Amino acid sequence: MRFTKMEGCGNDYIYINCFEEVVEQPEKLAIAMSERHFGIGADGLVLIMPSEKADFRMRMFNLDGSEGEMCGNAVRCIGKYTYERGLTNKEEISLETAGGIKYLKCNIEKGIVKTVRVDMGEPILEAEKIPVKHETSPVIRKSIVINNNNEFQFTCVSMGNPHGVAFVEETENFPVQEYGKQVENNPAFPKKTNVEFVQLINRNHIKMRVWERGSGETLACGTGACASVVASILNGFCDREVKVSLLGGELTIHWNEENNHVYMTGPAAFSFDGVWLKDV
Ligand SMILES: N[C@@H](CCC[C@H](N)C(=O)O)C(=O)O
């Protein structure tokens with residue numbers, strides 16, 4: 001089975017072109033391929049598929065085989081893949097995801113997609129729809145006690161997938177791996193959650209580290225960057241356009257006041273092509 005390894009700000013996935021390849025057990029394949037010693041090594045698996053509702057369809061699987069509704073970094077990579085590999089000649093495409101249809105605009109120079117701007121749609125703030133169990137809705141800087149009696153104030157946002165955002169003094173030495181796992185599996189989040197730890201730099205710049213549901217700490221998360229900017233604005237910390245510094249790169253997020261849509265702009269890159277020879 002032919003595959004392509006791509007990354008967006010270091011958030012790396014294995015992409016399979018399902019116009020040419022047949023994937024029968026994507027959950028199992030995601031686990032096997034993502035493994036960094038016996039497999040290819042990645043944060044998960046992404047399928048590029050035909051769609052009846054949009055130009056293309058994306059399905060994404062975390063490295064534990066669970067399916068995510070949305071993936072911001074993968075959406076940008078699909079923009080680059082479909083244009084540069086000749087699946088489309090359109091600079092603007094629509095993409096069906098389990099988190100709704102997203103609209104992408106590729107910024108192209110001499111046939112190369114340099115960055116992709118994605119209309120990520122409206123953030124979802126109703127607790128039930130995220131979903132998060134809390135007596136108030138929206139959940140803006142509300143205490144959630146995690147396993148070992150540590151209490152964090154979370155702002156909860158769905159960008160098609162669930163996110164819990166906590167503001168911390170600094171991200172560099174913050175124990176993301178310890179707390180991230182505990183929050184991901186906290187019963188307050190019936191579908192588990194992605195967890196973002198955010199340091200405010202100024203009104204137009206934040207730093208963020210992420211613990212992803214199903215994948216652990218990754219170098220970047222596009223939906224997480226959007227959720228973090230929405231959370232920062234809701235708390236009155238930031239203006240409408242914010243640079244997000246992640247471990248693997250930078251994204252620009254704009255939450256448009258007029259139409260309530262969140263726009264994400266950032267890079268996408270090919271790493272290598274390969275052929276998977278194992279049975280799964
Ligand atoms: N890396 C992603 C998000 C991937 C899915 C997530 N782990 C989930 O289960 O919701 C991004 O760039 O948005």
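Predicted model: local features only at pLDDT ≥ 70, side-chain atom pairs only at ≥ 80, totals over all residues.
In helix α4, the buried residues are G222, T223, G224, A225, C226, A227, S228, V229, V230, A231, S232 and I233. The helix is thus described as mostly covered, with twelve of its 13 residues buried.

The length of α4 can be checked by simple reasoning. At 1.5 Å a residue, its 13 residues should span 18 Å, and the C-alpha atoms at its ends are 18 Å apart, so the expectation and the model agree. Just after α4, G236 adopts a positive phi of about 80°.

**The two domains**

The protein chain is divided into domain 1 (2-117 + 266-275) and domain 2 (127-260). Between the C-alpha centres of domain 1 and domain 2 there is a distance of 23 Å. Contact between the domains involves 23 residues of domain 1 and 21 residues of domain 2. On the side of domain 1 that touches domain 2, α2 and β17 (262-267) each supply at least two residues. The largest share of that side, four residues, comes from α2. By class, the side of domain 1 that touches domain 2 contains six nonpolar, 13 polar and four charged residues.

**The ligand**

Where does the ligand lie in relation to domain 1 and domain 2? Both domains give residues to the shell around the ligand, so the ligand lies between them. The ligand is surrounded by 17 residues, of which G68, N73, N161, G222 and T223 are the closest. Helices α2 (72-84) and α4 (222-234) each supply at least two residues of this shell, and α4 gives the most, with three residues. Sorted by class, the shell around the ligand has 13 polar, two nonpolar and two charged residues.

**The annotated cysteines**

The UniProt record, an unreviewed entry, places the feature "active site" at C71 and C221. Although these positions are spread over 151 residues of sequence, they cluster in space, with a largest C-alpha distance of 7.5 Å.

C71 lies in the loop between β5 (67-68) and α2. Is C71 buried or exposed? A residue counts as buried when 20 or more other C-beta atoms lie within 10 Å of its own; C71 has 31 such neighbours inside 10 Å and therefore counts as buried. Leaving aside neighbours within four places in sequence, C71 is in contact with V46, M60, G222 and T223.

C221 is found in the loop between β14 (216-218) and α4. With 35 other C-beta atoms within 10 Å, C221 is buried. Not counting residues up to four places away in sequence, C221 touches N11, G72, N73, N194, V210 and E212.

**Backbone features in loops**

| Cis peptide bond | Omega |
|---|---|
| I130 to P131 | about -10° |
| S137 to P138 | near 0° |

P131 lies in the loop between β8 (112-119) and β9 (142-146), and P138 is placed in the loop between β8 and β9.

Positive phi values also occur in residues other than glycine. C9 has a phi near 55° and lies in the loop between β1 (2-8) and β2 (11-17). C9 is buried, with 26 other C-beta atoms within 10 Å. K110 has a positive phi of about 50°, and its place is in the loop between β7 (100-109) and β8. K110 has 5 C-beta neighbours inside 10 Å and so counts as exposed.

Note on methods: Residues numbered from 1 in each chain as written. Near = placed C-beta within 6 Å. Nonpolar A, V, L, I, M, F, W, Y, C, P; charged D, E, K, R; others polar. Domains from an automatic or database assignment. Contact = placed C-beta atoms within 7 Å. Expected span 1.5 Å × (residues − 1). UniProt positions renumbered as here; feature names shortened; annotations may be inferred.
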